[in-house]
Each structure stands twice: as structure tokens, then as C-alpha cells.
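The following report goes through selected elements of one structure and describes how they are placed and what they contact. Please keep the sequence and the model in view while reading.

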Amino acid sequence: MASRGPMVQDLLLDALEDLGQEEFERLKFKLRTTAAPGGKNIPLGRLEKSKREELVELLVDFYEDTAVALIVTIFEDIGLKYNASKLSEVFGKQVQGYKPKYAETVVENYQLIEDRNSLLGESSPLNARYIGLLIIRNHRPQQQREHELCATGRRHLEILEKTTSDYSSTAIENLFEPDESGVTPRTVVLQGPAGIGKSMTVQKIMLDWAVGELYQGMFDYVFCIRCRELGLTEEAKSLADLVVEQCQDMFAPVKEILAFPEKLLFIIDGFDELCFSLQPEDDKFCSNPCSKMSMEDILSNLLRKKLLPKSYLLITTRPGAAERLQRYVKFPRFAEILGFSEKGRRDYFFKFFEDEGKANTALQFIENTTAVSTICFVPMVCCIICSVIKVELETEDKIADTLDTTTKVFVHFSRSLLKHDSKKMKKSLLDEFRNLCSLARVGILEQKILFEEDDLKKHDLAVSDLKGLFLDRRTFHRGIGLHSLYSFLHLCFQEFCAALFYILTDEKKGAPGDNEMDLKNLLDVCEKLGNEHLTLTVRFIFGLSSDKVRAFLEEALQCKTSDLVKPLLLQRAEEVAAEDPPRAGYDLLNFFHCLFESQEAEFARRVMHRFQTIDISFKTLSVLDCRVLAFCLQHSTIQDHSIDLTFCRLKSHHIKALAPGIKNCTVLELGSNRLGNSGVHVLCTILKELDCSVNTLNLDENFLTHACAQELFATLSTSKTLISLNLNDNSFSEASVPFILHLLKTCTSLSVLYLNGNGFDDLGKKRLKQQVKKIELERPFWLWL
């Protein structure tokens with residue numbers, strides 16, 4: 001890179017020779033008063049006496065790679081727009097000249113993905129497998145959102161009905177588009193739970209930029225820094241060193257590339273996977289991209305815009321770490337990946353199976369298995385399900401009909417991999433599988449997802465056949481060289497294997513009962529703030545404790561499972577249920593997910609009476625969340641639950657998922673949702689079929705119209721328990737009045753009716769008030785109209 005010094009000198013000299021004497025003197029004066037990069041100004045005496053050639057030498061000596069950018073800025077400040085533009089253009093051509101070579105490197109590194117549906121280590125072109133994901137802008141204030149989310153994708157939102165399956169989401173090319181006020185964000189945070197497609201999206205961005213299909217004209221260079229790699233070395237580096245590694249070229253014109261940060265995009269992939277913590281009080285200020293520092297300091301200065309403040313950042317992270325990230329970034333734009341749309345899921349199946357007949361068979365299977373269909377919107381889970389189904393179809397086995405929880409999906413996936421390796425489970429292979437689970441557990445507890453060869457040796461996996469089945473061998477850049485590490489197929493799969501450690505017995509080392517205290521500690525630790533990374537592991541343990549799952553494991557793996565885990569989990573569930581005050585919001589929902597994952601009615605029967613009032617209001621719920629809630633309510637020993645689901649973005653399919661649990665509810669707070677007339681139809685069907693005893697029903701602000709009036713009021717008119725009905729802020733009209741009058745006359749238990757904010761005229765209001773006066777002769781009645 002030193003050889004480029006004369007080239008920069010020539011550029012600057014040509015630029016200065018174009019100036020008149022007066023302009024040259026103004027330039028030197030401006031250099032005296034301009035805050036120079038790094039705070040190192042040219043001494044006043046040397047500056048005043050310098051001629052053009054001497055000034056060029058001073059500029060290169062003092063400002064190195066930033067000299068050209070500094071002169072461009074000064075040209076603009078003193079009104080020499082043309083000179084600034086000319087210098088930028090000439091210098092930019094040198095940077096652009098290297099771009100094709102770097103783009104070739106990016107294409108080579110990002111054009112292929114590992115073929116997860118094959119056990120032979122094959123790869124597929126990214127474009128042959130990639131399906132566009134739903135990405136939404138997050139308009140709500142960040143501080144109002146909950147970030148402590150589980151890794152399986154509970155935050156994934158089913159916001160589209162079948163009629164909107166072709167809805168065009170915010171595309172990746174629009175992530176940096178100006179907002180309504182015309183401001184272009186310099187930092188975009190793209191969040192989503194594990195397995196939702198963040199890293200795949202990053203890979204697609206890198207490839208599309210390199211082939212000239214994305215961000216052309218906006219970014220001259222795009223670099224991807226994977227957070228999981230930053231802890232692989234303790235040696236001091238500079239941002240320039242990282243760029244050299246990205247280019248895989250020691251002679252890359254890094255200084256020239258970094259001289260125009262406004263044309264650079266840095267992708268920080270997997271902020272939640274950092275193996276170190278960024279501490280604000282320990283930050284070391286640095287504005288020079290060539291200064292050596294620790295990985296922590298490089299990332300901190302880059303995020304805080306102290307380093308290359310005009311560059312652009314795209315940061316991917318799990319939602320749980322987004323709040324922590326917000327302390328470091330300035331004015332970020334938050335976007336969220338929701339996963340596949342209905343159409344995207346179908347497209348994925350057809351690309352995955354390639355054979356149309358098998359794809360249709362697989363689609364029919366998941367569409368008839370509702371829980372699987374729901375979680376299949378998460379790309380990683382969809383991949384696992386497809387892998388399970390593919391193996392079943394290839395061996396001509398009947399597709400299992402028991403994939404109704406995340407745990408069971410992973411159990412079948414593990415079985416399919418082990419079956420492929422050995423039709424009859426070998427004892428040695430089972431021992432290796434236990435060792436694999438031990439490795440996963442240590443990694444989860446230590447928040448470690450990359451493993452060295454030494455780690456594998458410690459767990460007797462160095463020469464294991466399972467290494468190629470369950471672990472990915474990944475090659476990373478360490479300096480200019482390469483370094484191979486291992487990781488599980490995905491973090492959520494590592495969490496599943498970690499949970500298996502507590503279930504599988506070991507004849508040599510004793511049963512997991514010997515680790516009973518270890519499991520108790522895990523259950524205690526996972527409740528503490530900052531340990532959300534243990535959430536899914538604990539949920540998997542609940543799922544694996546199921547009698548049916550254990551029986552399946554024992555048959556499939558030809559092993560014994562622990563009898564001690566389930567009683568311990570029951571005890572823990574009772575302890576959580578006895579907490580005062582009781583849990584609410586996502587904390588409560590996460591606990592319910594554990595109960596659901598077990599699919600053991602006994603768990604719900606033992607604890608649900610403690611949750612007579614369930615408040616999950618103002619939390620966005622998925623259909624899976626609603627099924628979880630329904631399962632817990634369905635198996636409760638009491639029938640007078642009060643559930644508050646206000647402003648949970650519920651639609652008709654959410655209500656359908658809640659159906660089995662509604663029978664045990666007397667209070668349904670469903671206000672400020674999006675049920676619409678179709679949602680009311682579903683609700684009415686449920687109320688009639690289950691002979692519910694609801695006494696309080698809140699449907700305010702739910703986009704209801706006269707079209708649902710007859711069915712709604714006819715259904716409620718037969719109720720002998722309904723006391724309060726809230727229909728405020730809907731669109732019932734004068735035509736709805738006869739049906740409301742019928743309700744008032746026939747539902748003798750009704751005492752409170754809210755009808756504010758509807759479309760009744762004066763005559764309709766008069767008729768309603770007259771009927772209420774008749775009722776008040778017999779019993780108290782309150783009408784808000």
C-alpha cells in the first residue's frame with residue numbers, strides 16, 4: 001500500500017495546481033481553522049511558508065489516507081464545488097477500479113449455501129434456495145416493545161391472511177430509503193428471532209450487491225463482519241485490517257476505500273452472538289480506521305459512529321439484544337423479519353423438494369397439522385420439517401402425525417439423521433450422541449456457539465461420525481489465513497441438544513438424576529435477567545420430559561431416559577405458579593409455552609388454577625401463542641378464567657386457535673384488535689358449540705359492521721351468563737338496531753352495554769334508550785350510547 005503514496009501526491013498536486021493564488025491562500029487559511037482528523041493539524045509556521053509541492057507533502061505526511069477527503073471538504077467549504085467534484089471523481093475512480101475484483105471475491109464466498117436437505121455435505125446456489133422474507137418497518141417506539149423473546153420465533157407475526165398472501169413486504173433494497181421527512185438512516189437494525197432468516201438475508205444482500213443488483217450507486221463497497229468471529233483472536237487489529245481480511249488481498253487499496261466512508265456499508269451480523277460485552281464506560285475513542293485496538297473497541301467505535309461516522313451500518317440481532325444495542329447506535333431505523341409469507345412457504349417447499357409430487361405431499365401434511373403449519377413460517381424450522389419429511393418420503397415411511405410441538409420436530413429430525421447413519425442404533429453411536437449433547441450444554445451455559453478442535457476432543461468427538469451429521473465445519477478468516485471451527489446446524493438445534501443432555505441416561509456416568517442439582521440450578525438461573533439465552537433450552541427440557549416423547553426416544557435411540565426430570569419440572573411449574581404477584585405478559589406466555597411443549601395435561605391441571613386472571617395485553621401474539629394459551633386453559637381445573645388480550649393484533653385465525661380454551665373463560669377482553677366480521681363469525685361458532693359461560697365480553701374497536709350484527713346478537717341473546725358487553729368504536733349502523741333490541745329483550749342477565757362510537761342515528765338511539773327504560777323497571781341496567 002505504500003506504493004500508492006506517490007499516486008495520492010499526484011492527485012493532490014493536480015488539484016492544487018488548478019487553484020489561483022488567492023484560492024490557494026484561502027485553502028491554507030482554511031487548513032489552519034479546520035479540525036483535522038485525529039486532531040493533528042499542520043504546524044502554523046510550516047503551513048504559511050509552504051508552496052504547493054510542499055503543502056502536498058505535508059498533507060500526505062500528516063493526514064495519510066484522509067488527505068484527499070479533507071481537501072475535498074475544504075474545497076466545498078470555500079465554494080470550489082467544481083474542484084471538489086473533480087477531485088472526488090478522479091480519486092473515486094481508483095477506488096472503483098478495485099471494486100470488480102472485490103466483487104468477485106464476494107460472489108465466490110456468498111453464492112453457495114450448505115445443502116441442509118442432504119447428508120452428503122452438498123451445496124446449492126443461494127439464488128436457487130432463497131425465498132424473499134416479510135420485513136416490516138417498526139413504527140412503534142422501541143421502548144414500548146418487549147425484547148425478551150424466545151429463540152424459536154415467537155415474535156414471528158402471522159399478519160397476513162390468505163387474501164393477502166401475495167402482500168409485498170418492505171424489501172431489502174428499501175431498508176435505507178429516506179423516511180417521510182426525507183432523512184436517510186445511516187444505521188438500520190434488522191431484528192428477528194433465531195432461525196428467522198437474518199443471516200440468509202445478509203448473504204443475499206452481499207451476493208446481490210456483488211453482482212450489481214442491489215445498492216448500486218449508493219454503496220461502493222459492502223463489508224460483512226460476523227460477530228461470532230470477533231472473539232477468535234485477542235490480538236489488536238484495526239478496522240483497515242478487517243477490511244483487508246474481507247478483501248482477502250494484502251494489496252487491496254484499503255486507505256483509498258476508507259477515504260470515502262459515505263459510500264461504505266458495514267453489515268454487523270449477529271450482534272446477539274458477541275462473545276464479549278460492550279461496556280460504555282470502557283470505550284476508547286478512536287477515529288482512525290488504521291489504529292490498532294481490541295475487537296471490542298473497534299465494534300464500539302464503529303457502532304457509536306466515532307469511527308467512520310459517515311459510513312452506513314446494517315446490524316442484525318435477536319430481539320432480546322436490540323434494547324442493549326440501542327444504547328450504542330444513533331438514530332437507528334428498526335426493521336423486523338417476520339419469516340415466510342403463505343406464498344413464500346409454498347415456494348420454499350417446491351424449491352426444497354424439487355419433485356412437485358413430494359412437495360404437494362409435504363404441504364398437505366403440514367396444512368393438516370396446524371401447530372406445525374404455524375411454526376413452519378420460521379425458515380429454519382421450515383427447513384428442519386422439510387428435512388424430516390424428505391427422509392420419511394425417501395424411506396417410504398408414513399409421514400409422522402405427531403409433529404405438533406417444536407420439540408417433536410427436532411426429535412424426529414435428530415432421529416432422521418441418526419437413522420441415516422445407522423439403521424440399527426449402535427451403542428458407540430449413542431455414547432457419541434450423549435457427548436454431543438454434553439458439548440451443546442457447555443456451549444449454551446457459556447454462550448459459546450463456535451467450537452475448536454480441542455473442545456471436540458474434551459467431549460470425545462474429535463473422530464466421531466456424528467461430527468459430520470450434527471456439526472457444521474466452518475472456515476473463518478484469521479488474519480489473512482484460514483481457521484476451521486465447528487458449530488451446530490443452528491443455535492436452536494444446539495439448544496435442543498443441550499436439553500437432551502438432561503434427559504438421556506448414561507450407564508457409565510450415571511443417570512441425569514446425578515445431575516439433578518445441575519438441572520435445578522439451570523431452572524433457577526434461567527429466570528434471572530440477562531439469561532434469556534437459556535429460554536429455549538428449558539422449553540425443550542419440558543418437551544422432552546413428555547412420556548410420549550421419552551417413549552419415542554427410547555425406541556428410536558435404543559436407550560433409557562431419566563424418570564427424575566418430569567417430577568422436577570412439575571415442582572418448578574408449581575413454584576412459578578405460586579409467585580406473588582403472578583406473572584404477566586411475555587413472562588407468563590413463555591411459562592405457558594413450557595407447559596404446552598410438554599403436551600402433558602397434568603402440568604396444566606397442577607398450576608392453571610393459580611392463573612385465574614391472565615393478562616397478556618399489548619403484546620403481539622402469533623397463532624402459535626394462541627394455541628399455547630388454549631392448551632393451558634383447556635386443561636385447567638377451573639372454569640372462570642379472565643383473559644385480557646387487549647391490543648394483541650388478533651384476527652379471526654387467532655380466535656380459532658383460542659377456541660379449545662375459551663370454554664373455561666368467563667371474561668374475554670378482546671378490545672382494540674382486528675377481528676372484523678370474520679372474527680366475530682368464528683367467535684360465535686365457538687360460543688355456540690362450547691356452550692360457554694362468558695359473563696364479560698369486550699369487542700370494542702374491532703372493525704365490526706352491520707354485516708355481523710344478526711349472528712352476533714342472536715348468539716349472545718341465548719346466553720344466561722352475559723352481564724357486560726362492550727361494542728364501542730365499531731361501525732354498527734341503524735340497520736343493526738333491531739338485532740340489538742332483540743338481545744336486550746331476550747338476554748335477561750345483561751346489565752351493561754357499551755355502544756359509543758357507532759353509526760346510530762337519533763331514531764335508533766331513541767329506540768334503544770326506550771327499551772333500556774323498560775328493562776330498568778325490572779333490574780338495574782347501564783347503557784353507554
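## Helix 2 and its two sides

Which exposed residues does the face of helix 2 turned away from its buried side carry? In this predicted model, that face carries Glu22 and Thr33, both of which are exposed. Helix 2 comprises residues 21-33, 13 residues in total, and its span from the first C-alpha to the last is 19 Å, close to the 18 Å expected at 1.5 Å a residue.

The buried residues of helix 2 include Phe24, Leu27, Lys28 and Leu31. Because they cover an arc of only 95 degrees around the axis, they are placed on the same side of helix 2.

## Charged ends over aromatic rings

The ring of Phe24 has the charged end of Arg52 sitting over it, at 4.7 Å from the ring centre. Arg52 belongs to helix 4, which runs over residues 52-63, and with a relative accessibility of 18% Arg52 counts as buried, since the cut-off for that class is under 20%.

Six strands form an open sheet in the order 3-8-4-7-6-5, and the pairing within it is mixed. Strand 3 and strand 5 are the edge strands, each pairing on one side only. On average, and with direction ignored, neighbouring strands of this sheet are turned by 20 degrees against each other.

Strands of a sheet pair through backbone hydrogen bonds, either parallel or antiparallel. Strand 3 and strand 8 run antiparallel and are joined by four bridges; in this pairing, Ile136 has Glu336 of strand 8 as its bridge partner. Strand 8 (residues 333-339) is also joined to strand 4 by four bridges, but there the two strands run parallel, and the bridge partner of Val188 in strand 8 is Arg333. Strand 4 in turn pairs with strand 7 (residues 312-317) in the parallel sense over five bridges, with Val189 standing opposite Ile315 of strand 7.

## Burial of strand 4

Strand 4 covers residues 187-191, and five of its five residues are buried, so the strand is largely enclosed by the rest of the structure. In a regular strand the side chains alternate between the two faces of the sheet. Both faces of strand 4 are covered, with buried Thr187, Val189 and Gln191 on one side and buried Val188 and Leu190 on the other.

## Aromatic pairs

The structure holds 26 aromatic pairs. One of them joins Phe176 and Phe219, whose ring centres are 5.5 Å apart and whose planes stand at 80 degrees; the pair is edge-to-face because planes over 60 degrees apart fall in that class. This pair links distant parts of the chain, 43 residues apart, with Phe176 in the loop between strand 3 (134-137) and strand 4, and Phe219 in the loop between helix 8 (198-210) and strand 5 (221-226). Both Phe176 and Phe219 are buried.

Trp209 and Tyr221 form a tilted aromatic pair, with 6.4 Å from centre to centre and 40 degrees between the planes. Trp209 lies in helix 8 and Tyr221 in strand 5, so the pair ties together parts that are 12 residues apart in sequence. Trp209 counts as buried at 1% relative accessibility, and Tyr221 counts as buried at 0%. These two residues also belong to one aromatic cluster, formed by Tyr102, Trp209, Tyr221, Phe223 and Phe266.

## Helix 26

Helix 26 runs over residues 585-598 and has 14 residues; from its first C-alpha to its last it reaches 21 Å, which is close to the 20 Å expected at 1.5 Å a residue. Helix 26 is mostly covered, with 13 of its 14 residues buried. Just after the end of helix 26, Gln599 adopts a positive phi of about 55 degrees.

Key. Residues are numbered from 1 along each chain as its sequence is written. This is a predicted model: local features need pLDDT of at least 70, side-chain atom pairs count only at pLDDT 80 or more; totals for chains, interfaces and linings use all residues. Side-chain values use heavy atoms; hydrogens and water are left out. Buried means under 20% relative accessible area, exposed over 50%, partly exposed in between (1.4 Å probe, protein chains only). Two strands pair if DSSP finds at least two bridges between them. Rings of Phe, Tyr and Trp (its six-membered ring) pair if their centres lie within 6.5 Å; planes under 30 degrees apart count as stacked, over 60 as edge-to-face and the rest as tilted. A charge sits over a ring if NZ of Lys or CZ of Arg is within 6 Å of the ring centre and within 35 degrees of the ring normal. The expected span of a helix is 1.5 Å times one less than its number of residues. The arc is that of the directions from the helix axis to the C-beta atoms. Axes are lines fitted to C-alpha atoms, for helices over the stretch in contact, and angles run from 0 to 180 degrees between N-to-C directions.
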